[in-house]
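Please load the model in your viewer and keep the sequence panel open beside it. The tour below moves from one selection to the next, and each stop says what to select and what is there.

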Amino acid sequence: MKNKNKFIIGRLLMVIGLLIPLLSLTTICVNDMKKKSDYENFVEKESTISNEEREKLKSEIERYNGRVQGIEPGLVDPFTGTDFKARYNIKGEDDEAFSYIRIPKIDVTLPVYLGASYRHLSMGAAHVDGTSLPVGGEGTRSVIAGHRGFYKDTMFLNLHELEKDDMIILRREDDIMFYKVTDSEVINPYDWDKLEVLDKEDMLTLLTCDPITPPSPYRLIVNAKRYYPPQKENVKNTLVKIESEQISSNVKNVKMGVYAATILMWALLIYITVDTILKLKNYKDAGYVAMIDDEEDAAENSETGENKPYTNKEN
């Protein structure tokens, strides 16, 4: 009985040790497989917005951008652990994606939420309050933050792979905007002067933690400038061209590694589960046989009266 209890406890610890990383890896794989359909659903939903709603949203966006224009960045670092919650006074800011960001080279397709709160950063990428909204325009600089990987998505894990001239796509409603990477830099969490608006430029900056492995005391920023397709190419042709770009080999290897690890761990979990059930059955069968043997021995002793009589031996 004691050996059986030790066996059960040992197997339970093995299963728990597997389940903790396995649930995270499985969630990452599922989200990776469904990100394309989530993006398509977003595009379809945006196409159903009425003209009245579009005009109202446009007015709210212009009001917000007008408020932050000309103000020096004095932002709250979204990765410090304090769950700062900004108020935009824009419809759907709490639960709905404002736009989508796609970076073909590093296989990123993420919703962008308004306000880089803990909750929004766990759901995708998030706009950093105090910077221009990601709608483009001369004299604007939008900052979008994302985790360097999370328990349910790789997110901005491979942001360091981006190089000069790599393309970034932003999409909301019918607007498709292209940005071309210009440079990247590692900064301190409160070097907000690095995020100032550049005169007459339409800028996008991506922000994440650095290095990848915690603790991550620094911030990696990737800067990009607005790119307009040549007149001979329309926006949709450019979109198809950019989206068909090859994923970086390093990113592809990481992705395949995650899938391979997930499959192997599921196989190991199934093996341990089946093996445990069979061994417990053997324990049960062995206990049952032992009990029958004991009953049979007791019956035989009772029938033969196997109690040795007392004999008085005389010297």
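Begin by selecting Ser248, which is buried, with a relative accessible area of 10%; buried here means under 20% relative accessible area, exposed means over 50% and partly exposed lies in between, computed with a 1.4 Å probe on protein chains only. Ser248 lies in the loop between H4 and helix H5 (249-304), where helices (H or I, at least four residues) and strands (E, at least two) are DSSP runs numbered from the N terminus. If residues up to four places away in sequence are not counted, Ser248 touches Lys105 and Glu161, a contact being heavy atoms within 4.5 Å.

Before going on, note that this is a predicted model, in which local features need pLDDT of at least 70 and side-chain atom pairs count only at pLDDT 80 or more, while totals for chains, interfaces and linings use all residues. Residues are numbered from 1 along each chain as its sequence is written, and side-chain values use heavy atoms, with hydrogens and water left out.

**The whole chain**

Show the cartoon of the protein, which has five helices and eight strands, running from the N terminus in the order α-α-β-β-α-β-β-β-β-β-β-α-α. Of its 315 residues, 40% count as buried, and among the contacts with a separation of 6 or more, residues 24 or more positions apart account for 70%.

**The barrel**

Next select the eight strands, which close into a barrel in the order E1-E2-E3-E4-E7-E8-E6-E5 with mixed pairing; two strands pair if DSSP finds at least two bridges between them. Neighbouring strands of this sheet are turned by 30° against each other on average, direction ignored, where axes are lines fitted to C-alpha atoms, for helices over the stretch in contact, and angles run from 0 to 180 degrees between N-to-C directions. Strands of a sheet pair through backbone hydrogen bonds, either parallel or antiparallel.

**Strand E1 and its partners**

Keep E1 on display: five of its five residues are buried. Ser99, Ile101 and Ile103 point one way from E1, whereas Tyr100 and Arg102 point the other way. E1 pairs with E2 in the antiparallel sense over five bridges, and Arg102 stands opposite Thr109 in E2. The hairpin of E1 and E2 has four residues between the strands, and in it Asp107 takes a positive phi near 55°. With E5, E1 again pairs in the antiparallel sense, over three bridges, and the bridge partner of Tyr100 there is Arg171.

From E2 (residues 108-114), move to strand E3 (residues 125-127), with which E2 pairs in the parallel sense over three bridges; select Val112 to find it opposite Ala125 in E3.

**Rings and charges**

A charge sits over a ring if NZ of Lys or CZ of Arg is within 6 Å of the ring centre and within 35 degrees of the ring normal. The charged end of Arg172 likewise sits over the ring of Phe98, 4.7 Å from its centre.

Rings of Phe, Tyr and Trp (its six-membered ring) pair if their centres lie within 6.5 Å, and planes under 30 degrees apart count as stacked, over 60 as edge-to-face and the rest as tilted; by this rule the count comes to six aromatic pairs. One of them is Tyr118 with Phe150, an edge-to-face pair at 6.3 Å centre to centre and 70° between the planes. This pair links distant parts of the chain, 32 residues apart, with Tyr118 in helix H3 (residues 118-123) and Phe150 in the loop between strand E4 (140-145) and E5. Phe150 counts as buried at 16% relative accessibility, whereas Tyr118 is exposed at 53%.

**Last stop: Arg219**

Finish in strand E8 with Arg219, which is buried, with a relative accessible area of 4%. Its side chain makes a polar contact of 2.8 Å with the side chain of Asp77; such a contact is a pair of N or O atoms within 3.5 Å, where within protein one must be able to donate a hydrogen and the other to accept it, and residues adjacent in sequence count only if both atoms are side-chain atoms. Leaving aside neighbours within four places in sequence, the contacts of Arg219 include Phe79, Glu185, Leu207 and Asp210.
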